[in-house]
Amino acid sequence: MNEHSEKIPDPKELEKELGDFLAKKFGGSVKLATPIVLPQAGESDSKEPPPKKGKTINFDLKPQDLVAYLDQYVVKQTTAKDILATKICTHFNRIKHVQSAPDDFSDMVGVIKNNVLMLGPTGVGKTYMVRLIAKKIGVPFVKGDATKFSETGYVGGDVEDLVRDLVKEADGDIELAQFGIIYIDEIDKIASSRNLVGADVSRTGVQRALLKPMEETEVDLKVPHDPVSMLQEIDRFRKTGKKEKSSINTKHILFIMSGAFSGLDKIVSRRIAEQKIGFGASISNPSKDADILTRVKSEDLVQFGFESEFVGRLPVRSVFEQLTEADLCDILKNPNNPIILGKKLDFAAYGIDVKFQTDALALLAHRAHDENTGARGLVSAVEGALLPFEKTLPSCPITRFAVTRPVIEQPQEHLEALLDQPESDHFKEAFHRLAAQECERIVKYVSANRKTFSEKYGIQLTDSRIRLVADAYCRQVTDIEKVLKKLKSYYEETKTIELYFIKNHGINIVLEEEAIDAIIGQCFNTRETPEGYYRNLTADFEHGLKLVREKTGRTRFFVTRDALEKPESFIAELLRQSENRPELSLPPDNRLEG
């Protein structure tokens, strides 16, 4: 009896055999075509998916909180801070309020967004301030340059690309991207040119393209002219059998525009001068007004070259002030400024610690002010003054560098003297003097912001802790925020030592605040964690406190800073007190200090 193989042939093998058979019989004129199987929607696919619950934003900032945050980093610009902080906080808190009770607001007619227009000369902190705000509030943030866009359909970037970039910033989360911020710089460059003949696709065309996204529209995330986007959509359809909706609504996206608006002051001045012509009019020279841009009106922006519809979608205007020489000096003295921190980091990369004299910073600010480019001039002033030292000192056995006013005024002479006598007492004394001055500046800065920092980090900033912060800041290249976060972390870890002690040894110790500060100071100095300090406490106090507990019955001990520094004297004093006490039952929570 013949046995038949029950093995089912593999489809690929069967296809290959049939192809070989046809090739032998008919040559290359007949080929086997493999059918394309389109996905069929399964039974579960026919059911409508449950409606997705809209994502809510987690936003609880108040305007004053955001202003206090900006004050730590941005010098001057009080009015601009107030306007931006207030309108941005109101925008997101209003969204949160509407989401909390959507039925109560579903029938309201439209929502007017508080899109912001920022005006001011270059280098006054417009972009820097928006970046700080975006970092603080934690929403997706995209920055674009108006000069790279053209009207939809022409060669160049599309303004809707910024909306799509928000989704990328939100890691593909469309719901989260709908609450983002789009910041467009150099917006004054798309003002129409009055001498142009024909279509102005890179100016008025861009303005018109921005009208709907600035208000409310649906932006398709699939770009029709992008082959990659189309292939991804085809692949998704083949797998699921469905055409997935992928668009983003711009209803809650906040648009912030900024520009230097060179020449706008002349338009405002001319309008003001024309209004003052006549009998009894006060004579003034509006062109010399320092705050001329604060008097700007919509008609001035239209005359500058903007469409009236475009200006109408920017109801909030914030004017930035020109920075004076004193303002530039304050920027350099701010412990969070990236210019000095960056230069310290440059030298630290070669193992060189740099300290700056206040007079030297004032001279650098003076040079930057002469360049008339705002805070941007500070970078070139600092780089130009220190470049010879940055080039030469890394090749020398020098680890400390004091930047004084003579260093800035006569760099070559000072560099030669430093190379001739790198270990000179004069240079060492200058460095230590500047280090002490820097520490005092940080103490004053943190003390002035004590309330803000204490509320933000949830820790009481005593004078001793402010001194710890200043010492830690001056010891390494960092900013105040990172030091305060580390202080908070060390404080919380130190408090857990009390729990470890009673859990592992059955002894209830209470660390006094001054003792906690001493442990935190040790952690800053040695870069160890309080967990490592716990082992020292166990070695110093475990046996002694157990002996005191056996003699007195006490289980609770208050540990001071002196006790940490002299544990043997602390234990001896407790034992001496126990010998001199009469035989009385003592409550377990008596306070004992060393």
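Colleague: What is Thr-404 in contact with, leaving aside its neighbours within four places in sequence?

Modeller: Gln-357, Ala-360 and Leu-434. Bear in mind that this is a predicted model. Thr-404 itself sits in the loop between strand E9 (400-403) and helix H17 (405-409).

Colleague: Why does Thr-404 count as buried?

Modeller: Its relative accessibility is 10%, and buried means under 20%. So Thr-404 goes in the buried class.

Colleague: How much of the protein chain is buried?

Modeller: Buried residues account for 42% of the 594 residues. The chain has 26 helices and 11 strands. Of the contacts between residues at least 6 apart in sequence, 75% join residues at least 24 apart.

Colleague: Let's take a helix, then. Which residues of H2 are buried?

Modeller: In H2 (residues 63-71), Leu-66, Val-67, Tyr-69 and Leu-70 are buried.

Colleague: And how do you know that they are on the same side of H2?

Modeller: Their arc around the axis is only 160°, so they lie on the same side of H2. Among what covers these buried residues are helix H3 (78-100), helix H5 (126-137) and helix H20 (450-457).

Colleague: On to helix pairs. How do H13 and H15 pack?

Modeller: H13 (residues 325-333) and H15 (residues 358-371) have their axes 8 Å apart, at an angle of about 130°.

Colleague: What makes H13 oblique to H15?

Modeller: Roughly perpendicular runs from 65 to 115 degrees and roughly antiparallel starts over 145. The angle here is about 130°, so H13 is oblique to H15. Their crossing is right-handed.

Colleague: Which residues make that contact?

Modeller: H13 brings Glu-325, Leu-328, Cys-329, Leu-332 and Lys-333. From H15 there are Thr-358, Leu-361, Ala-362, Leu-364, Ala-365, His-366, Ala-368 and His-369. By class, that contact has eight nonpolar, three polar and two charged residues.

Colleague: What about H22 and H24, at what angle do they pack?

Modeller: About 40°, with the axes of H22 (residues 480-505) and H24 (residues 530-552) 10 Å apart. H22 passes H24 in a right-handed crossing.

Colleague: Which residues of H22 and H24 meet?

Modeller: On H22 they include Tyr-490, Ile-497, Tyr-500 and Phe-501. The H24 residues include Pro-530, Tyr-534, Leu-537 and Phe-541.

Colleague: How do the residues of the contact of H22 with H24 divide?

Modeller: Nine are nonpolar, four polar and four charged. Among the residues that meet, Glu-493 in H22 and Glu-542, Lys-546 and Arg-549 in H24 have residue types that count as charged.

Methods
Residues are numbered from 1 along each chain as its sequence is written. This is a predicted model: local features need pLDDT of at least 70, side-chain atom pairs count only at pLDDT 80 or more; totals for chains, interfaces and linings use all residues. Side-chain values use heavy atoms; hydrogens and water are left out. Buried means under 20% relative accessible area, exposed over 50%, partly exposed in between (1.4 Å probe, protein chains only). Helices (H or I, at least four residues) and strands (E, at least two) are DSSP runs, numbered from the N terminus. The arc is that of the directions from the helix axis to the C-beta atoms. Contact means heavy atoms within 4.5 Å. Axes are lines fitted to C-alpha atoms, for helices over the stretch in contact, and angles run from 0 to 180 degrees between N-to-C directions. Angles under 35 degrees count as roughly parallel, over 145 as roughly antiparallel, 65 to 115 as roughly perpendicular and the rest as oblique. A crossing is left-handed if the near helix is turned anticlockwise from the far one by less than a right angle, and right-handed if clockwise.
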